[in-house]
Amino acid sequence: EYWLKRPTSGDEGGVEYPRHCKIKASDDGGATWKQIATTGITWGSLFLHEGAVYLLGNDPLSRDIRIVRSTDGGATWSQPAVLFADSRYHGAATPVVRRGAFLYRAFENGGRGDASCVIAGDASADLLDPASWRMSNKVEPPQNTPGLVDAAAERGHPVTPNRFLEGNVVNVAGRLRVLLRTRIDDQRSAGLAAACHLEDDGTALEYRFGRFFAMPGGQNKFKVIHDEPSGLFWTCGSAVPDDLAPEQDLAGAGFAGTAGNTRRMLLLLYSLDATNWFQAGCVALSQNPLESFHYASPAVDGDDLVVLARSTLGAADGFAGYTWDRAPSATGKAKLPYNNHDSNAITFHRVKNFRSLALDLRPDFSATAVEAAFTGSPAPAIDAGDREAAATQHDVVVVGASPAGIAAAVAARREGRS
């Protein structure tokens, strides 16, 4: 439960670094939680397969890729099965996606500069058998990307290497893509992510870089899920309101990091193709840059979306309720806030009727220019004169109004009413 970096290095862990993962469950809609088991997995992804629960992740120290299984709802777990131990791998709680006969999850190869890779498991075989799994080639992030770095020389710091982290495998109309958190110039260029393409013929995995794309919160970890009823992809991103904010102001307040690493705003996003994202709303927000909501994991619960977020709370009172040392010490404990990577809480959020927050993004080639802006029941007829007026008198057309409302607004305009 401790996710603190050592004060003197970029390594996660330290004296208190756990060698286990606590499995907690809620049977009352998230109001209360209880621990039901522990496993020897970190950065794990939970998924259901053939009636069993699996946790696929890493060993906390060696960083090999391993998997465990539970056949009693998570109460007890198998011994870990090591799938790949040829390097130090990195990952996060990102999706395990099935397409056809195989299951897929992304990792990063820490021994090759955070190069991204994907493993594929045979869904018809024993997933605890290493022979059931294959690994793709490694894809490193492009480094010669001057157009993505903003005024680095003026800020007086060298440009840091681009990094891929915590990839999400998505199935877009039968095509596999991997959406990657992308750190550019130590997150000073925020709101960008990367998309890679994955092809699998059942024997070999061919993996290649596609492109960068704009995504609120793409500089930090996000988890993408697909919702069948809406036909949309959904995620939560830690958006940055101002990545040009003076870093000395943040440092003076006790924040160790760049402006692009502030994580105080957690947005709900949706997409039709997993690369063009629209904002549905704000899940959580703090005005204090020292607080954060990040590493969010969404899940569908009926008509609602539930979200767990790694969070930092209590900045206003100096984190008085925080039980760790308040300053770096010989034990290696870090001061909070060391940066927004660190946290002292897990928060639970519920977005009611989340599907109603999305626009209808699907094209309708039978729609007219006015009707295409609206969703819902068929629009009442609007005569040609009203349609022309709606197009020219743009100050009376209100986004979100019904076509009937447009007609009423046009009539009001003609009668001289505002």
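These legends describe close-up views of a predicted model.

**View 1. An open sheet of four strands.**
The strands of this open sheet follow the order E3-E4-E5-E6, and their pairing is antiparallel. Strand E3 (42–49) and strand E6 (81–84) are the edge strands, each pairing on one side only. Neighbouring strands are turned by 25 degrees against each other on average, direction ignored.

**View 2. Where E3 meets E4.**
E3 and strand E4 (residues 52–58) run antiparallel and are joined by 6 bridges. Leucine 48 has its bridge partner in E4: valine 53.

**View 3. A stacked ring pair, phenylalanine 47 and tyrosine 54.**
The two ring centres lie 5.2 Å apart, with 15 degrees between the planes. Phenylalanine 47 is buried, and tyrosine 54 is buried too. The whole structure holds 7 aromatic pairs.

**View 4. A second stacked pair, tyrosine 270 and phenylalanine 278.**
The ring centres are 5.9 Å apart and the planes meet at 25 degrees; stacking requires planes under 30 degrees apart, so this pair counts as stacked. Is tyrosine 270 buried or exposed? Tyrosine 270 has a relative accessible area of 2%, so it is buried. Phenylalanine 278 has a relative accessible area of 36%. That value falls between the 20% and 50% limits, so phenylalanine 278 is partly exposed. Ring pairs also link Tyr270 and Phe278 with Trp234 and Phe354 in a cluster.

**View 5. The largest nonpolar core.**
This core has 19 residues. Phe47, Leu56, Ile65, Ile67 and Trp133 have the most contacts inside it. Two or more residues come from each of E4, strand E5 (65–70), E6, strand E9 (102–109) and strand E10 (115–122). In soluble globular proteins, nonpolar side chains tend to be buried together.

**View 6. The surroundings of isoleucine 67.**
Which residues does isoleucine 67 touch, leaving aside those up to four places away in sequence? Among them are Phe47, Tyr54, Leu56 and Trp133. Ile41, Leu55, Leu127 and Leu128 are also included.

**View 7. A second, separate core.**
This core has 18 residues, including Tyr104, Phe164, Val178 and Leu205.

**View 8. Arginines over ring faces.**
Arginine 134 lies over the face of phenylalanine 102, at 4.7 Å from the ring centre. Arginine 310 lies over the face of tyrosine 295, at 3.9 Å from the ring centre.

Technical notes. Residues are numbered from 1 along each chain as its sequence is written. This is a predicted model: local features need pLDDT of at least 70, side-chain atom pairs count only at pLDDT 80 or more; totals for chains, interfaces and linings use all residues. Side-chain values use heavy atoms; hydrogens and water are left out. Rings of Phe, Tyr and Trp (its six-membered ring) pair if their centres lie within 6.5 Å; planes under 30 degrees apart count as stacked, over 60 as edge-to-face and the rest as tilted. Buried means under 20% relative accessible area, exposed over 50%, partly exposed in between (1.4 Å probe, protein chains only). A charge sits over a ring if NZ of Lys or CZ of Arg is within 6 Å of the ring centre and within 35 degrees of the ring normal. Two strands pair if DSSP finds at least two bridges between them. Axes are lines fitted to C-alpha atoms, for helices over the stretch in contact, and angles run from 0 to 180 degrees between N-to-C directions. A nonpolar core is a set of buried Ala, Val, Leu, Ile, Met, Phe, Trp, Tyr and Cys residues joined through side-chain atoms within 4.5 Å. Contact means heavy atoms within 4.5 Å.
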